[in-house]
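Please examine the model shown below. The paragraphs that follow lead from the confidence of the prediction to the surroundings of each ligand.

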Amino acid sequence: MKINKPKHDVNPDLAKERLKCNFNIEEVTNIIDGGKDKTVQRKKIEDIALNNGASLDEVPEECLSIKERYENAVRKSCVYGNLVRNEMLEITGIENFESPVLRRTADAFFKDISPFMLHLGMFVPTLIGQCTPEQTAEWLPKALDMQIIGAYAQTELGHGTFIRGLETTATYNPEKEEFVLHSPTITSYKWWAGGLGKTANHCVVMAQLYTQGKCHGTHLFIVKIRDLDTHMPLPGITVGEIGPRMGFSSADNGFLRFDHFRIPRENMLMKHAKVEKDGVYVKSAKHGKLTYGTMVFIRVTLVSEMSFNISKAATIAIRYSAVRRQTELRPNEPEPQILDYPTQQHKLFICIATAHAFQLTSCWLWNTFQAVLADMKKGNVDTLPELHALSSCLKAVSTSDALSHIEQCRFACGGHGYMLSSNLPFIYSFVAATRTYEGDYTVLLLQTARFLVKASEQAEAGKKLTQTVSYLNRTANADRLNWDNTHEGIIKSFQVIAAGKIGQCVKSIRDRTASGMDYEDAWLMTTVQLVGAAEAHCRAVLLNTYWSEMRKITEASSADVKKVMHQLAVLYLMYWALEKTGDLLKYSSVSKKDLDELQRRYEELLAELRPNAVGLVDAFDLRDEILHSSLGSYDGRVYERLIEEAHKSPLNDEPVNQSFHKYTKPLMLGKL
Ligand SMILES: CC/C=C\C/C=C\C/C=C\C/C=C\C/C=C\C/C=C\CCCCC(=O)SCCNC(=O)CCNC(=O)[C@H](O)C(C)(C)COP(=O)(O)OP(=O)(O)OC[C@H]1O[C@@H](n2cnc3c(N)ncnc32)[C@H](O)[C@@H]1OP(=O)(O)O
Ligand SMILES: Cc1cc2nc3c(=O)[nH]c(=O)nc-3n(C[C@H](O)[C@H](O)[C@H](O)COP(=O)(O)OP(=O)(O)OC[C@H]3O[C@@H](n4cnc5c(N)ncnc54)[C@H](O)[C@@H]3O)c2cc1C
């Protein structure tokens with residue numbers, strides 16, 4: 001495999017690590033990419049991006065003012081967008097505009113985020129999923145060609161989670177064949193939409209549809225908000241940026257207020273429901289929630305996005321841990337590499353395994369999503385509830401796990417991990433947002449819980465359940481599982497934990513309603529347990545999917561690759577078994593002796609994986625331009641880079657800052 005040769009000598013410790021690696025790195029890279037041809041394609045696309053203006057910053061993004069950062073990000077987005085439009089989509093095929101490769105190369109341009117991300121990330125997918133063929137023909141080519149730039153404006157100041165509570169109205173006027181968009185209250189301001197504040201000239205708006213005096217609930221509309229030539233907001237539109245945030249600092253999250261703003265009837269996205277010229281409302285959808293389709297799509301893609309972010313953090317932390325030496329273990333011996341500490345391995349090796357677990361699960365989820373779309377094309381929406389339940393819990397758990405693993409990577413890098421130049425704070429603050437946006441963690445787990453409670457009741461009634469909950473058919477009446485200390489045994493025990501928790505929720509709700517509570521209150525009182533049950537179900541799905549997909553995908557691999565991929569999957573199973581010992585003790589016959597044995601095997605496995613740690617992160621094949629990290633570069637020149645980055649601080653532009661003469665000196669002289 002062609003690797004991008006480092007310009008400098010590689011740090012000797014890192015070089016030694018690479019000699020220790022006992023499997024073929026390229027083979028693992030091919031597995032992660034989904035095949036050798038995909039690796040070749042990815043590298044070709046990365047070459048285009050990286051040879052054409054990536055990493056263009058003279059001054060680090062974070063050293064710029066808010067305005068400069070935004071302007072710089074727009075400049076780079078235009079260079080990048082042009083490459084996407086003219087060269088990269090040629091390779092992926094236009095239908096793959098959401099390819100993770102495009103997302104990955106975008107990181108070479110932006111440490112933080114592109115103001116155009118939501119254009120490709122949500123605006124375009126909404127057009128694809130919500131337009132009639134005529135509307136698609138009208139809008140999609142313009143959007144893909146970036147003649148129009150869009151945002152997705154759903155959330156309001158007063159409501160994000162509860163979509164039915166949105167207040168923006170779209171009232172149909174049959175005389176003029178127009179909708180009038182209006183923001184009737186302060187809480188109805190659209191709030192948060194990425195790219196809306198300053199960049200977009202169009203947006204998709206979620207609003208309550210009124211026609212013939214009746215509200216028909218939330219629907220989507222495409223709205224031109226700015227003049228295409230002057231970029232001035234159109235009359236009736238108040239739009240701006242919401243202000244500094246924890247991350248997303250180079251983008252322009254926006255607010256938007258409508259004052260009786262008129263749009264043509266054809267601007268309602270009418271794939272699933274329409275308003276006729278005379279104002280008659282016609283619903284064609286067989287399922288009430290198809291306008292939520294873009295959210296389901298993004299939740300599906302976020303699982304792979306989390307794998308990518310963990311792999312970046314793990315690469316940085318593991319390479320750094322191979323270079324960093326700290327603390328004398330024995331007198332007169334060199335300080336060990338911090339990677340030699342089992343506690344460090346415990347923090348970091350799970351990150352490698354989790355990146356693989358999420359990558360394989362995301363491919364499987366993507367295939368499930370495609371199968372549901374194919375069913376829906378044929379008019380069958382029966383498989384949608386299971387997809388919604390799956391995508392909800394996998395989005396919630398993958399973003400939440402990614403966040404805590406990335407934080408561990410930062411801890412693993414000590415003080416230097418706190419430096420923005422390590423890139424870990426950027427990765428962390430980006431992922432922190434994913435736990436909230438596109439459906440908050442708790443809220444989405446409660447959606448999955450609704451599905452699980454119903455499934456559990458069906459299992460109780462002897463009905464055969466769909467694949468991801470079929471374990472409830474086998475385990476619904478199981479009291480405590482006989483502990484079986486095998487890999488399959490661990491997976492089964494997680495299914496029994498999930499079944500036990502769901503069963504307990506059903507019982508709590510029933511007990512509460514039996515004692516006179518109405519169902520809504522009984523559900524509410526049980527929500528802490530319901531969130532736990534949905535998380536347990538998600539863990540069972542993740543463990544089972546990772547294990548079975550890993551076995552399938554490595555069937556034809558070399559023995560060494562098979563071994564290391566197997567070790568990672570076993571590590572993942574053991575890690576989670578040890579994290580959940582309380583649940584195991586409650587729902588299985590596991591003994592203290594069994595758990596001690598599991599702990600011992602886990603610690604041995606860390607030691608077995610140790611020689612391959614650097615090889616495993618090299619297999620993620622993340623080029624330095626994408627990693628943006630003083631700690632994680634391929635050559636391991638950690639200390640040199642930290643010093644180089646320090647010199648870039650604008651505070652080092654002059655030896656004495658003017659504040660000394662203005663403030664400090666007068667203070668010192670008692671002249672303030
Ligand atoms: C030019 C290029 C230059 C640079 C570009 C650089 C890079 C780009 C490259 C690529 C981009 C790639 C990737 C980008 C990736 C990501 C995008 C990045 C950022 C995204 C930013 C975030 C955007 C947002 O956050 S948008 C807003 C999202 N909002 C939410 O998610 C709100 C959450 N709330 C809800 O979903 C719902 O309100 C609710 C589900 C909680 C409740 O809904 P509701 O009240 O209506 O329903 P219920 O009464 O609870 O339920 C009734 C039944 O309906 C079922 N249900 C609910 N939802 C669904 C659904 N979606 N599908 C199916 N069924 C659903 C529910 O289960 C109930 O069923 P039951 O049978 O009655 O129980
Ligand atoms: C960086 C970023 C980018 C975003 N980009 C966009 C965008 O482009 N377009 C867009 O439309 N939106 C966007 N959003 C908004 C985002 O989708 C919402 O913030 C998110 O859906 C959460 O909604 P909320 O803020 O109303 O939180 P709330 O719903 O107010 O949640 C607050 C707390 O209440 C809890 N809670 C709420 N409801 C329940 C319930 N039923 N049961 C139990 N607990 C509950 C939640 O768990 C949470 O802890 C973005 C947000 C962020 C942070």
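The protein chain has an average pLDDT of 95, and 98% of its residues score at least 70; pLDDT is the predictor's confidence in each residue, on a scale from 0 to 100. For the complex, the predictor reports an ipTM of 0.98 and a pTM of 0.97. The model is predicted: local features need pLDDT of at least 70, side-chain atom pairs count only at pLDDT 80 or more, and totals for chains, interfaces and linings use all residues. Residues are numbered from 1 along each chain as its sequence is written, while chains are lettered from A and ligands numbered from 1 in the order in which they are written.

Around ligand 1 there are 41 residues, the closest being G81, G121, Y292, Y437 and G439; a residue is near a molecule if its C-beta atom, placed from the backbone, lies within 6 Å of it. At least two residues of this shell come from each of α4 (66-92), α5 (100-109), α6 (117-130), α8 (293-323), α10 (384-412) and α12 (441-460). Helices (H or I, at least four residues) and strands (E, at least two) are DSSP runs, numbered from the N terminus. The largest share belongs to α6, with six residues. By class, the shell around ligand 1 holds 20 nonpolar, 14 polar and seven charged residues. Ala, Val, Leu, Ile, Met, Phe, Trp, Tyr, Cys and Pro count as nonpolar, Asp, Glu, Lys and Arg as charged, and the others, Gly among them, as polar.

Ligand 2 has 22 residues around it, of which Q154, T155, G160, T161 and T442 come nearest. Its shell draws at least two residues from each of β1 (150-153), β4 (190-193), α11 (424-436) and α12. Here α12 gives the largest share, three residues. Ten nonpolar, ten polar and two charged residues make up the shell around ligand 2.
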